[in-house]
Amino acid sequence: MSYTVTVVFGGNREYEFALHESEVAGTTKDQARSWLAKEFEELECTPSNPMGKVLVLDMILNVAKYGGESRFEQASDWAKKFAVVTAAALDRPAVRVDVSAFVVG
């Protein structure tokens with residue numbers, strides 16, 4: 001199976017990462033969640049729900065938002081890692097992270 005993670009910052013500003021199964025297979029869901037949690041803290045993200053547990057979807061959206069569009073635009077190593085851990089965390093062949101609408105589809 002292959003994976004596609006698309007990160008959208010509104011309009012036609014979309015950044016697509018095509019990943020082979022072998023790239024994602026080396027990352028467990030727990031490892032993916034740990035990386036997202038670390039980035040969430042380092043980027044000083046604001047939880048969507050300050051009263052409760054931070055869900056993986058919130059982490060994905062906030063890390064993409066606070067990480068900034070330029071990292072995705074440059075297809076940096078960080079952006080590629082984000083795509084890998086997002087695919088591993090959600091285990092879906094296609095993921096669309098719409099930062100502007102704040103929704104994962």
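Residues are termed buried when their relative accessible area is under 20%, exposed when it is over 50%, and partly exposed in between, as computed with a 1.4 Å probe on protein chains only. The model is predicted, so that local features are reported at pLDDT of at least 70 and side-chain atom pairs at pLDDT 80 or more, whereas totals for chains, interfaces and linings use all residues. Residues are numbered from 1 along each chain as its sequence is written, and side-chain values rest on heavy atoms, with hydrogens and water left out.

Helices (H or I, at least four residues) and strands (E, at least two) are taken as DSSP runs and numbered from the N terminus. Helix H5 (77-90) contains 14 residues and reaches 20 Å from its first C-alpha to its last, close to the 20 Å expected at 1.5 Å a residue, where the expected span is 1.5 Å times one less than the number of residues. Of these 14 residues, 11 are buried, so H5 is largely enclosed by the rest of the structure. The buried positions include Trp78, Phe82, Val84, Val85 and Leu90. H5 is followed by aspartate 91, with a positive phi near 50°, and the loop between helix H4 (69-73) and H5 holds alanine 75, for which phi is likewise positive, near 50°. Most residues other than glycine have a negative phi.

Rings of Phe, Tyr and Trp (its six-membered ring) are paired if their centres lie within 6.5 Å, with planes under 30 degrees apart counted as stacked, over 60 as edge-to-face and the rest as tilted. A search of the whole structure finds 7 aromatic pairs. In the pair of phenylalanine 72 and phenylalanine 82, the ring centres are 5.3 Å apart and the planes stand at 80°, so the arrangement is edge-to-face. Because phenylalanine 72 belongs to helix H4 and phenylalanine 82 to helix H5, the pair ties together parts that are 10 residues apart in sequence.

Threonine 27, in the loop between helix H1 (21-25) and helix H2 (29-42), is buried, with a relative accessible area of 14%. Leaving aside neighbours within four places in sequence, threonine 27 is in contact (heavy atoms within 4.5 Å) with Ala32, Val84, Val85 and Ala88. Lysine 29, placed in helix H2, is partly exposed at 48% relative accessibility, and with the same exclusion of sequence neighbours it is in contact with Ala88, Ala89 and Asp91.

Two strands are considered paired if DSSP finds at least two bridges between them. Strand E1 (residues 3-8) and strand E3 (residues 94-98) run parallel and are joined by 5 bridges, with threonine 6 standing opposite arginine 96 in E3. E3 and strand E4 (residues 103-104), in contrast, run antiparallel and are joined by 2 bridges, with valine 97 opposite valine 104 in E4. E3 and E4 form a hairpin with 4 residues between them, and phenylalanine 102 in the turn has a positive phi of about 55°.

Salt bridges, defined by a side-chain nitrogen of Lys or Arg within 4 Å of a carboxyl oxygen of Asp or Glu, number 5 by this rule. Arginine 96 forms one with glutamate 14, the closest N and O atoms being 2.8 Å apart. Since arginine 96 lies in strand E3 and glutamate 14 in strand E2 (residues 14-19), this pair ties together parts that are 82 residues apart in sequence. Arginine 96 is partly exposed, at 36% relative accessible area, as is glutamate 14 at 38%. A salt bridge is also formed by the side chains of glutamate 23 and lysine 80, at 2.9 Å from N to O, and it ties together parts that are 57 residues apart in sequence, because glutamate 23 lies in helix H1 and lysine 80 in helix H5. Within helix H2, lysine 38 and glutamate 42 form a salt bridge with their closest N and O atoms 3.7 Å apart, the two residues being 4 apart and thus separated by about one helical turn. Salt bridges that share partners join Lys38, Glu39 and Glu42 into one network.
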